Amino acid sequence: MAVLFTAGGQLQDKLQSFILGVQLSGRASELDASFGTDAKPMRFHIPAGAGAGAIAAALGEARLIRDTSLFVDFARLEGYDRRFEAGVYFLNQTQSIRQIALLLTDSSKSFIPFRSVEGARIEELAELVDLNGLFGFTSAEFLLLVDEGALIPADLAEWANIPPGASLEGFMFPDTYQLPPDITAEGLRDVLLRTFRDRVGDSLRDEATAQGLTLYEAVTLASIIERESVWRDEQPMIASVYRNRLLIGMKLEADPTVQYGIQGTRESWWPQITRADYREVQSPYNTYLIGGLPPGPIASPGLSAIQAAIYPAESGYYFFRAACDNSHYHNFAVTFEEHVANAC
């Protein structure tokens, strides 16, 4: 009897599948139609234990599908209702019921694309969190973990000589990342810091130490070089100017440090500045007013800028200014008179 019952159950399942197949055969266009034209991804979470009906209702509420019953019937027909996987997914309105149902069976294919750029300060990096729109936390929550006064991982602080009370400015390594969908603000911080340590490595840190620089100081200089340069091949020469100035006790007089000191009060993190700002911007970061390096990094330098700070070109230059051909390269000078003559 048990065998007959099982066979009967299988027959019933096949009959139901056949009926569903017949019912849906005339609705192919609906299964392949999208809800809308907005291709912006949105987070969609399937909690553990959610069935096809609950998932369909949530999709409808999120304005990702129009017909929840059609979604449930299609999922049952294809067997997806037994394969839906709890997790976070990134869906959009241009996807059809057919596409969405298949996607929701494998959460491992979901990831958050994230690009942090060279020369960005911490606030700009945090803004990318909100602009991305896929994270489960806000830029404000991320800033709390990386800004001044945040708890810095002890091993990193010791390795890089980051002073107490400093922010993690300069140590959020700029790169392209594919992040897990459930990543937290702390997780993002740790990924960026771990990448910095992996990419910079002990050899660069040790070389900086051999030259009388802590890694924190080297990254501070590298952040200025990053902001001053457009082309990577020019970074070692720019670095040579600043290293030469440091050797003789000459002020760095770097415009990006003045911009950093303005702290975004002029509707931009990197506003245009005037000669008057050199004296009027009262900030410990203003290297027209203070000698030596500023208190810390002003942006996230890339690896090439860090390498340039530690391995500068050999030169006798003490000045540089933008070339007049709009190439974004610079003209370098030994004397101030030569520097003035290089003006456009």
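One disulfide (a pair of cysteine sulfur atoms within 2.5 Å) is counted in this predicted model. The bond joins Cys324 and Cys344, whose sulfur atoms lie 2.1 Å apart. Helices (H or I, at least four residues) and strands (E, at least two) are DSSP runs, numbered from the N terminus. The torsion about the S-S bond is about -105°, so the disulfide is left-handed. Cys324 is partly exposed at 44% relative accessibility, and Cys344 is exposed at 75%. Buried denotes under 20% relative accessible area, exposed over 50%, and partly exposed in between (1.4 Å probe, protein chains only).

In helix α7 (residues 139–146), the buried residues are Ser139, Phe142 and Val146. Viewed down the helix axis, these residues fall within an arc of 65°, so they line one face of α7; the arc is that of the directions from the helix axis to the C-beta atoms. Their cover includes α6 (122–132) and α9 (185–210).

The mean pLDDT (the predictor's confidence in each residue, from 0 to 100) of the chain is 92, and 94% of the residues score at least 70. Where pLDDT is low, the predicted coordinates should not be read in detail.

Residues are numbered from 1 along each chain as its sequence is written, and side-chain values use heavy atoms, with hydrogens and water left out. As the model is predicted, local features need pLDDT of at least 70 and side-chain atom pairs count only at pLDDT 80 or more, whereas totals for chains, interfaces and linings use all residues.

Note on methods: Contact means heavy atoms within 4.5 Å.
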